[in-house]
Amino acid sequence: MRNWILAVGMAVAIGGAGAAIAQDVIADRRAGLKNAGEQFQAIKAVSDARGDLRPVAAQIDELIAFFRGLPARFPEGSGTGNTRALPAIWSDRAGFEQANANLITQLTALRALAAAGDNAAFPAAFNQTGAACGACHRVNRAR
Ligand code: HEC
């Protein structure tokens, strides 16, 4: 009897855990993306002030590392709940991953300009990078 109650309790706990894990994945990726957005704005502020871009290269490295891991933060089953993720992420996975790869290409170019302290070329490259964020959002993120 005691074992039976334990077994039922465990089955309920495991069933609930799937949904709870998805919500953790969502909360975690949203916090990561929020932080990426803040980093991105901080980089723009340095550029706008025509400040020293060389220390920014390390910040861009962190963004590149974060976005390399972004697709893994969207496992199957994490499209419902407290999220703006759209079904296109899973119905056109190749498109989603291509949009992410495009961003990483832009970030890599931006990083080179930061490391070179190239304040003249940086703003246009920054805008192109922002466009790569937006290209993914248009298709994969609800407004
Ligand atoms: C490959 C697709 C993709 C790329 C590239 C991308 N994002 Fe997003 N972003 C998303 C999706 C999908 C969401 C919604 C996540 C959710 O609600 O679960 C999101 C959400 C966000 C959020 C809101 C986080 C919150 O508070 O919920 C911010 C801020 C953000 N992205 C910034 C950026 C910036 C800045 C870039 C470029 C440097 C970028 N994103 C590139 C797909 C992408």
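**A pocket and some aromatic pairs**

Hi everyone! Helix H1 gives the most to the lining of the largest pocket, with eight residues. Helices here are DSSP runs of H or I with at least four residues, numbered from the N terminus. A pocket is an open set of points on a 1 Å grid over the protein atoms alone, where a 1.4 Å probe fits, with protein on both sides within 12 Å along at least five of seven lines; lining residues have an atom within 4 Å of a point.

Before going on: this is a predicted model, where local features need pLDDT of at least 70, side-chain atom pairs count only at pLDDT 80 or more, and totals for chains, interfaces and linings use all residues. Residues are numbered from 1 along each chain as its sequence is written, and side-chain values use heavy atoms, with hydrogens and water left out.

Which residues lie nearest the centre of the largest pocket? They are Leu33, Lys34, Phe67, His137 and Arg141, from a lining of 27 residues. Two or more lining residues come from each of helix H1 (2–48), helix H2 (56–68), helix H4 (93–115) and helix H5 (122–140).

Now the rings. Rings of Phe, Tyr and Trp (its six-membered ring) pair if their centres lie within 6.5 Å; planes under 30 degrees apart are stacked, over 60 edge-to-face, and the rest tilted. That gives five aromatic pairs. Phe66 and Phe67 have ring centres 5.1 Å apart and planes at 80°, so this pair is edge-to-face. Phe74 and Trp90 make a tilted pair, 6.4 Å centre to centre with 55° between the planes. Finally, Phe40, Phe122 and Phe126 form one aromatic cluster.
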